[in-house]
Amino acid sequence: MSKTQTILENLRQMIQNREFENGKIPGERELAAAFNCGRGTVRAALSHLEADGWIDRCRRRGTTIRDILRQKNSGSIALVMRTGGHFYEDVYREILNRFIHAGYSIRSVSTDPLFCNLYQVSPKRAASMKKSLEKLMGSDPTLFIVHTYRCREIPCFEKMCRYNTILFGNPVRANIHSVHGVWLDYEHAGYIGGRYLLENGCRRPVYFPQFFSLLTHLNPDFYAIHKEKKLIDGFRRAMLEGGIDPETSVINSFSPTPKAHRQILARLSLLDKNLPDGIFATDANIAFFIRQLMENQGHIPANMCFAGLYNTPWSQGQAPVQFPSIDFNAAGIAESLLKLAGTAPEDREDILVKPKLVVRASWNCNDKPTP
């Protein structure tokens, strides 16, 4: 997390805790001294707060907290979720903004430190997070909102679900029966990605899934609801409708390691006659594949089509080409969570969030330099 983001999170927490007397925030110079940073860093954090509607800034009156944030008191929420990564940052920001403006006080616990190595959980960090979560549960918040990303490895997950809890992300099979959630329709995302490639003339499209271990695949209960399984199912359904054998359109190698999994993309870029004419994958994998194509073949075939997953910078210019992506509306996710939060637990029903295809103007990197 950058220095600006750290200060931004600290200021948000201080505003929620009503630590600023009369709702007035100190000046940039004073904040810079308190946070041991430059005024430019503080100014950037305050600009984020102003854009999100948390504060008002006036040359004569200084910086003040919006009245709406000081007057409402709808209850306290414990938010446990992944906050790093562009899509998750968007969702986190939207949840904070909508719930704070609705009068809720939020205490956040980021699961990012737990998964800093992506595929290995540090026992020391797991123990530290367990203490933080147990402290949260001891404070008896009005509501828990928990992201289901790798939830089996989040300490106290099922214990949290015994409280007044709303889940979001991908559906899970916990030992619970009364918890509802806001679920992302990954099966439809896979279908949209496949249809887009077919409609753009691809006859050898492939889906390249994120890495998941063979052990995951061999666990029927877990694999049946895994988001990659749903993405694969949706993509295969699109292939069947397009008259293409779905068994040849999904690269599913059960690689032993994430590095070995990514190497498949590198080898794929070396093909000539059997090179896919379209690929659906996360935007990071597409950006990697494009770089491999440029290194190995010197160009991107004119007829090649890309479709990314999630709204990330790679689909907005931070790759040799811009490409369409299947996006989940972060604001829609936050609004759905807010709707469930305002509903009595016994009256809640699951909400399914549909993705949408966002087509961006694309250009061939043979004609323009890499940004």
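Colleague: Which side chain meets that of Arg 98 in a salt bridge?

Modeller: This is a predicted model in which local features need pLDDT of at least 70 and side-chain atom pairs count only at pLDDT 80 or more, while totals for chains, interfaces and linings use all residues. Residues are numbered from 1 along each chain as its sequence is written, and side-chain values use heavy atoms, with hydrogens and water left out. A salt bridge here is a side-chain nitrogen of Lys or Arg within 4 Å of a carboxyl oxygen of Asp or Glu. At 2.5 Å, N to O, the partner of Arg 98 is Glu 335.

Colleague: How many residues apart are Arg 98 and Glu 335?

Modeller: The salt bridge between Arg 98 and Glu 335 links distant parts of the chain, with Arg 98 in helix α5 and Glu 335 in helix α14. Helices (H or I, at least four residues) are DSSP runs, numbered from the N terminus.

Colleague: Is Asp 185, which forms a salt bridge with Lys 354, buried or exposed?

Modeller: The closest N and O atoms of Asp 185 and Lys 354 are 2.6 Å apart. Buried means under 20% relative accessible area, exposed over 50%, and partly exposed in between (1.4 Å probe, protein chains only). Lys 354, at 48%, is therefore partly exposed, whereas Asp 185, with a relative accessible area of 10%, is buried.

Colleague: What is the phi of Gly 103, which follows α5?

Modeller: Helix α5 covers residues 86–101, and Phe 87 and Ile 100 are among its buried residues. Gly 103 follows this helix with a positive phi, near 95°.

Definitions and conventions
Helix = DSSP H or I, 4+ residues; strand = E, 2+ residues; numbered from the N terminus. Expected span 1.5 Å × (residues − 1).
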